[in-house]
Amino acid sequence: QQVLTIVRCLHHFATLSDEMMETDTQEAAIVLYMVKPKYGDAGLGTKQLGVQEVGFTWNAIWSMPSSTRNKMIRKFIDVMSEYSFGKSGPDCSVVKEWGVHAVAGDFAVVKHTKKGTVLLYEDPQNKGDIKAYMAIGITQSIEFLLKQVPQPLPMFINTALFPFKNMVLCQGTIVPAMGVISPKLGAAAKSFVGGDDGGLKIKEHF
């Protein structure tokens, strides 16, 4: 519940932010045109978006240059520090870690476990190394979300992962992979599903 509150507030703040206006991407343009008008005069975090709008907003946030995104996040944390949620309220300072550690893009879904779902990612910042994450959903398991698309593993999806406490969270909106899956990621995913994990260490936290 705390994560949902933080996400709702972050999406509202980001959509109305100067940084969103300054971001020259198709994803930001979609949010400014389709999502921003829905907020009207609603108080910060009081408006519940539909799944499609949530997905649009996440995409726009990840499309920002990292320096722009982190600037927006710093402003968000400052604003939220003045809000009174009471002792049981969410700690919005965790969003700072999202700006630093979040991984967004195309992933290979290779295994569902009791702990969560194993996702493989080809890291463009690190010579294309394949990384493995044990991820969980915010409100529903990734396995449950993917049951709507019955097909064998590996599945290739587009989403984002970020830290919360000692877990790797999936942002909750999942769509089919956007780009062409590289031979490297495709081969690693096929091998993993076949029982060969290639010695990958599965990260359960960032």
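Val180 sits in the loop that runs between strand β6 (175–176) and helix α8 (183–193), where helices are DSSP runs of H or I with at least four residues and strands are E runs of at least two, numbered from the N terminus. The model is predicted, with local features needing pLDDT of at least 70 and side-chain atom pairs pLDDT 80 or more, while totals for chains, interfaces and linings use all residues. Residues are numbered from 1 along each chain as its sequence is written, and side-chain values use heavy atoms, without hydrogens and water.

With a relative accessible area of 83%, Val180 is exposed (over 50%, as against buried at under 20% and partly exposed in between, for a 1.4 Å probe and protein chains only). Its C-alpha atom is separated by 9.2 Å from that of Asp106, a residue 74 positions away along the chain.

Among the buried residues of α1 are Val3, Ile6, Leu10 and Phe13.

Leu10 also belongs to the lining of the largest cavity, together with Trp58, Ile61, Trp62, Met72, Ile73, Val95 and Trp98; a cavity is a set of points on a 1 Å grid over the protein atoms alone where a 1.4 Å probe fits but cannot get out, and lining residues have an atom within 4 Å of a point. Helices α4 (51–63), α5 (66–80) and α6 (95–101) each contribute at least two lining residues, and α4 gives the most, with 3.

Key: On a 1 Å grid over the protein atoms alone, a cavity is a set of points where a 1.4 Å probe fits but cannot get out, and a pocket is an open set with protein on both sides within 12 Å along at least five of seven lines; lining residues have an atom within 4 Å of a point.
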